[in-house]
Amino acid sequence: MATGDIDEDVVQAASAARAGADVIAVIRSTGQSLLDYVPEGATHQGFAGTYATQENFRIMRAAMDEVSEEVGRYVRVTNYASGLCMPEIAVLAGLQRLDMMLNDSMYGILFRDINPVRTFVDQRFSRQVHARAGIIINTGEDNYLTTDDAVEAAHTVTVSQLLNERFAHEAGLPDALVGLGHAFEIDPAVPESFRLELAHALLARELFPDAPLKWMPPTKHMTGNVFAGHVLDGFFTLAGVLTGQSILLVGMMTEAVATPFLSDRDLALANVRYVLGAAGSLAEDFRPAPGGFIVSRAHRVLGAAVELLERVADEGLLTAIARGTFGLMKRPADGGRGADGVVEKADGYLNPATVMLEAGQGR
């Protein structure tokens, strides 16, 4: 939902739920990740989305509770706890019973030029809050493939997933709340592109068998040909079914339009319903040939990921980020927005909230 008016978002979200959507994602207004404060109140004039505010969270959650009763299934709500206010927004999401939150410091570092140290600190605290609230986090590895080549850089996605899993566990999140991200972004003109996508998706599923993986539809190679895009989205959903992806986003034939027509979204949901209904539990029957194309590709990607992890371990993650390891974006540890908000802990520093969260109290 990205109309800029929370009341209109509610109307469209209800329509999506009635058409089969299980999760409603409310997009943030452009630029909120760079605000070092949280706006208040309901948004009626946002740009390409509404602000992530407590009131907007409350309005959407209440509306989806009502729709859940109507359709006979629970409709989840997700928003964004990223940028310069990750902990504050995480708290508001917990208070208003949101189900999922985009939460990944790497996205803010690479694509919003937020200071790496600031956002890693914020990420840990916000994930502790999510763990207490039982909120599933979604990470943003899919974004790397919009700025780098999805075939050549596949191993960087795997490395980031492994790092994000480690950070999530350290913050107290169990596997069931770690929605690691990846995407269907290989150029469809590449020979065997679908088999390559299957290899990458299967590798993620095998590495993280208990994580609710977030599988993103194609965006980079959507050309404006809505018919070809609709077919590509169908292939994406089929790949998701074959590899047991958990959080399956809906591909939109008019990708790159901030607010696609409701008719377009209805067609997109119909596409998903068809593939899910026709394929069923096809993952039970799908076994790639040992030593075949898919298995060999997955082994090569994993091998490259291990090599890269060894280099990151030697030089340090902040150095690796600074030299453009992920998404071709170079972000030095002392640069970016929000660096003035980083203060070294003094002797005797005590944060009672951190102590309570680390002890798992009060969930």
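Mentor: Leu 328 is exposed, with a relative accessible area of 54%, just past the cut-off of over 50% that the term requires. Keep in mind that this is a predicted model. Leu 328 lies in the loop between α12 (317-322) and α13 (352-358), and its phi is positive, about 65 degrees, although the residue is not a glycine.

Arg 97 also has a positive phi without being a glycine, here about 60 degrees. The loop that holds Arg 97 runs between α3 (86-95) and β3 (100-102). With 45% relative accessibility, Arg 97 counts as partly exposed, because that class covers values between 20% and 50%.

Now to the helices. Two packed helices are described by the angle between their axes and the distance between the axes. For helix α8 (residues 193-207) and helix α11 (residues 293-315), the axes come within 8 Å and cross at roughly 60 degrees. The angle therefore makes α8 oblique to α11. The crossing of α8 past α11 is right-handed. On the α8 side, the contact is made by Arg 195, Leu 196, Leu 198, Ala 199, His 200, Leu 202, Leu 203 and Leu 207. From α11 come Phe 293, Ile 294, Arg 297, Ala 298, Val 301 and Leu 302.

Terms used. Residues numbered from 1 in each chain as written. Predicted model: local features only at pLDDT ≥ 70, side-chain atom pairs only at ≥ 80, totals over all residues. Heavy atoms only, no water. Helix = DSSP H or I, 4+ residues; strand = E, 2+ residues; numbered from the N terminus. Buried < 20%, exposed > 50% of the residue type's maximum accessible area, 1.4 Å probe, protein only. Axes fitted to C-alpha atoms, helices over the stretch in contact; angles between N-to-C directions. Parallel < 35°, antiparallel > 145°, perpendicular 65-115°, else oblique. Left-handed = near helix turned anticlockwise from the far one by under 90°. Contact = heavy atoms within 4.5 Å.
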